[in-house]
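Colleague: Hi! Could you walk me through this one while I have it on screen?

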Amino acid sequence: SMAVAIEKSRLVSKIFFGVFWIAAVTPFFGQEFLPSVYEKLSSPLFALIDLVLILLGAWVIRSKKDWFILLSLVLITFVSTCILNDISILQYVNGMRLYIGFIFMIPIVRYFFAEPERKQRFIEKFDKALYIFLWIQVPCMSYQCFLYGAFDKVGGSLGWMMSGVITTLIYLVSFYLMLRRWNKDKSYFQNIKDNWILVFLLFPSYLNETKVAFVFLAMYFFFLVPIDRKFIKRMVYVVPTIFIVLIGAGYVYLSFVDT
């Protein structure tokens, strides 16, 4: 049964990361290089991805808590949509597609975290996938910016009109990886210097019209400051640095966007 468990976890992992990559890069390649095919296939493809996540989640779900979350979501949304607002079941099912995949992510992640060895393997793979995902945005967003200008079509590998989503993700992913690589024995600036590549990977977020990137940038450097006894002392040199970085980012942004 141990061998069966290992095989199962490998299969779950392969399916999960397969779905991750299909969802993460298909829109860009479809829209840019096979637009007519992508137009026909994108809806069924993403419906299939939702279905795979639902089946995967149902296969690994163990906890009563997860069932409770799932059933209460279905119940609350059904009552509020179909009964209170008199919306058809078909529209309800279509609207649920936005949330159901996320809800089934809970048991999937819980499954990966259930055993120390499985957890370790999953985190290593996930960190690597996220790092590659950040790198992919550099050519994708540069290409879109070059073709369409720095507007809403610069959504990176997630495709057109996803500029806000991709910008938010770039900051979240880079910040998460920075925290994972942070060395407590080194100074703030030494850590940033050692991981400068993660800061460099933020630059595509200035190739679209997402103004919130400036707020994210300030938050990014601010929240990396460890909150301990030296916090105030560190702030004295971190705040001016954030200010300088923001001015630099503003300059880059204005050279790409003529507004």
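Colleague: Is Leu41 buried or exposed?

Modeller: Leu41 is exposed, at a relative accessible area of 51%; exposed means over 50%, buried under 20%, and partly exposed in between, with a 1.4 Å probe and protein chains only. Keep in mind that this is a predicted model, where local features need pLDDT of at least 70, side-chain atom pairs count only at pLDDT 80 or more, and totals for chains, interfaces and linings use all residues. Residues are numbered from 1 along each chain as its sequence is written, and side-chain values use heavy atoms, with hydrogens and water left out.

Colleague: Thanks! Where does Leu41 sit?

Modeller: In helix H2; helices are DSSP runs (H or I, at least four residues), numbered from the N terminus.

Colleague: Which residues make the nonpolar surface patch?

Modeller: Leu41 belongs to it, together with Phe29, Phe33, Leu34, Val37, Tyr143, Phe146 and Leu147, and the patch covers about 840 Å². Helices H1 (2–33), H2 (35–60) and H5 (116–148) each give two or more residues to the patch. H5 gives the most, with three residues. A patch like this joins nonpolar side chains (Val, Leu, Ile, Met, Phe, Trp, Tyr) within 5 Å, from residues with over 30% relative accessible area and no salt bridge, a salt bridge being a side-chain nitrogen of Lys or Arg within 4 Å of a carboxyl oxygen of Asp or Glu. Areas are Shrake-Rupley values with a 1.4 Å probe, and for residues only the protein chains shown count as cover.

Colleague: Switching to H5, is Gln137 buried or exposed?

Modeller: Gln137, which lies in helix H5, is buried, with a relative accessible area of 0%.

Colleague: What does Gln137 touch?

Modeller: Leaving out residues up to four places away in sequence, Gln137 touches Ser142, Gly156, Ser157, Ile166, Ile170 and Pro204, where contact means heavy atoms within 4.5 Å. Also, a polar atom of the Gln137 side chain lies 3.0 Å from the backbone oxygen of Phe133.

Colleague: And how far apart are the C-alpha atoms of Gln137 and Met105?

Modeller: They are separated by 24 Å, with the two residues 32 apart along the chain.

Terms used. Patches are made of residues with over 30% relative accessible area and no salt bridge: like charges are joined within 9 Å, nonpolar side chains (Val, Leu, Ile, Met, Phe, Trp, Tyr) within 5 Å. A polar contact is a pair of N or O atoms within 3.5 Å; within protein, one must be able to donate a hydrogen and the other to accept it, and residues adjacent in sequence count only if both atoms are side-chain atoms.
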